Amino acid sequence: MIDTAGLTLSELGEIDLLDPSTFVDYDLTALWRTMRHEAPVYRHPRGFWALTRYEDVVAVYKDPARFGSDGGNVLSTLTAGGDSAAGYMLAVTDGPSHRRMRAALVDALRPRVMSALAERLRARALELVRGVTHGEPFDFAAEVAERLSMGTICDLMGVPAGDRAQLLEWNKEALSSDTREATEENAQLARAEILTYLTELVEDRRDGAGTDVVSELIAHRPDDGKPLTDEEIVYNCYSLLIGGDESSRMSASCGVLAFCGLPEEWRRFRSGEVGVDTTVEEVLRWTTPAMHVGRRATRAVDLRGQRIEAGDIVTLWNVSANRDETVFEAPDTFDPAREPNRHLAFGYGPHFCVGAQLGRLELGILLEALRSTVGEMKLVREPQRVYSNFLFGYSTLPVAFS
């Protein structure tokens with residue numbers, strides 16, 4: 001992997017942040033540091049702005065009036081001209097429609113639902129971890145992380161067991177890829193397959209009285225009495241499925257990888273010297289599964305001496321903000337006891353991830369299962385990064401637990 005240390009500002013343009021291979025071929029830690037210090041509001045040659053300081057990222061998150069989400073929220077859709085889900089999906093909708101959809105999703109993911117889900121999640125996590133704690137090499141990403149994250153979100157949505165493997169394959173292509181050969185066309189086809197499946201699932205649930213999230217969204221009645229449309233339900237279920245699987249899967253693998261490289265930190269966590277809650281937050285900061293979030297400027301804005309014009313694409317690099325030296329002490333150190341830890345792994349402001357509670361619950365229960373079952377964990381072969389300019393994580397993680 002190529003280190004970006006020593007790059008000058010004039011050489012920044014040679015690093016293509018639109019190309020998924022960049023995030024596999026390069027270690028961008030030094031690049032983000034250089035940008036934070038020398039070009040925190042940077043006009044990339046590919047035609048978008050990149051914000052890398054924590055303070056600026058938070059400011060834009062808090063300002064949907066000047067930096068809108070309804071044109072798309074990732075580079076691939078913004079640079080392609082927009083997102084077809086705009087106006088239907090929470091993440092790419094602003095204003096009253098956003099508040100209306102958010103209320104429906106918060107209600108569907110209420111504490112009672114999470115509590116019932118936690119019981120099944122604990123049983124599944126223990127079963128998966130015990131099944132691989134035998135001292136022999138195995139792929140944690142495939143045998144634990146994938147099964148746990150997809151099983152959890154599918155339980156929540158009431159997806160039949162027989163459909164889950166296919167959904168996982170589509171999910172793995174929708175925002176990332178395991179190989180360089182994958183194209184944007186592959187991703188679009190995968191997204192279309194997921195949407196078709198969810199459309200049929202919503203139709204099947206229309207006549208029932210289920211307690212799964214899909215049924216809850218169908219039954220939800222906002223204050224104005226107007227139910228969510230089929231399009232709103234389908235697109236928001238799509239968002240839950242993608243986010244609930246991908247972010248949890250990436251965080252789980254990155255947390256295990258971090259502990260494999262830091263046996264003393266694993267000892268501290270396993271002994272109870274370090275708590276589960278702080279470890280969850282540090283794994284999320286350390287991983288930052290959603291590396292960036294995109295916005296489009298609704299009007300001209302001056303930021304740190306740079307003129308951002310109306311219509312410009314502005315990307316908020318969470319992965320850099322979560323290593324900002326002005327906010328986090330020793331940011332390049334994995335510290336499970338870190339407090340405070342005001343990371344941006346789930347975003348900030350009006351678009352703060354509605355599934356954050358689920359993500360924290362899943363990661364915490366997995367860490368508890370690892371702590372109660374695994375004595376030693378070690379990396380047996382180099383892991384394979386996913387190919388994505390949006391998601392950070394690993395498609396393989398060969399390890400051994402004893």
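Predicted model: local features only at pLDDT ≥ 70, side-chain atom pairs only at ≥ 80, totals over all residues.
How much space lies in the largest cavity?

1. The structure holds two cavities of 30 Å³ or more, and in the largest cavity lies about 50 Å³ of space. Its lining is formed by Ser-247, Ser-248, Ser-251, Leu-284, Phe-346, Gly-359 and Leu-363, which by class are three nonpolar and four polar residues, with no charged residue.

2. As for the elements around the largest cavity, α11 and α15 (356-373) each supply at least two residues of the lining, and α11 gives the most, with three residues.

3. The second largest cavity contains about 40 Å³ of space and is lined by Ala-252, Gly-255, Val-256, Phe-259, Leu-363, Leu-366, Leu-367 and Leu-370. Here too α11 and α15 each supply at least two residues of the lining, which divides into seven nonpolar residues, one polar residue and no charged residue. A reader tracing Leu-363 will find this residue in the lining of the largest cavity and again in the lining of the second largest cavity.

4. Turning to the pockets, the second largest pocket has a volume of about 560 Å³, and of the 22 residues that line this pocket, the closest to its centre are Asp-27, Thr-29, Arg-323, Phe-392 and Tyr-394. The elements that give two or more residues to the lining are β2 (26-27), α2 (29-38), α11 (230-261) and α13 (276-287), and α11 gives the most, with four residues. By class, the lining of the second largest pocket has 14 nonpolar, four polar and four charged residues.

5. A separate feature to inspect is the pairing of helix α6 (residues 111-132) with helix α7 (residues 140-157), whose axes come within 10 Å and cross at roughly 160 degrees. Because angles over 145 degrees count as roughly antiparallel, α6 and α7 are therefore roughly antiparallel to each other, and α6 passes α7 in a right-handed crossing.

6. On the α6 side, the contact between these helices is made by Val-113, Met-114, Leu-117, Arg-120, Leu-121, Arg-124, Ala-125, Leu-128 and Val-132, while α7 contributes Glu-143, Val-144, Arg-147, Leu-148, Gly-151, Thr-152, Asp-155 and Leu-156. By class, this contact of α6 with α7 has ten nonpolar, two polar and five charged residues, the charged ones including Arg-120 and Arg-124 of α6 and Glu-143 and Asp-155 of α7.

Note on methods. Residues numbered from 1 in each chain as written. Heavy atoms only, no water. Axes fitted to C-alpha atoms, helices over the stretch in contact; angles between N-to-C directions. Parallel < 35°, antiparallel > 145°, perpendicular 65-115°, else oblique. Left-handed = near helix turned anticlockwise from the far one by under 90°. Contact = heavy atoms within 4.5 Å. 1 Å grid on protein atoms, 1.4 Å probe; cavity = no way out; pocket = protein on both sides within 12 Å on 5 of 7 lines; lining within 4 Å. Points joined across faces, edges and corners; volume = space filled by probe spheres on them.
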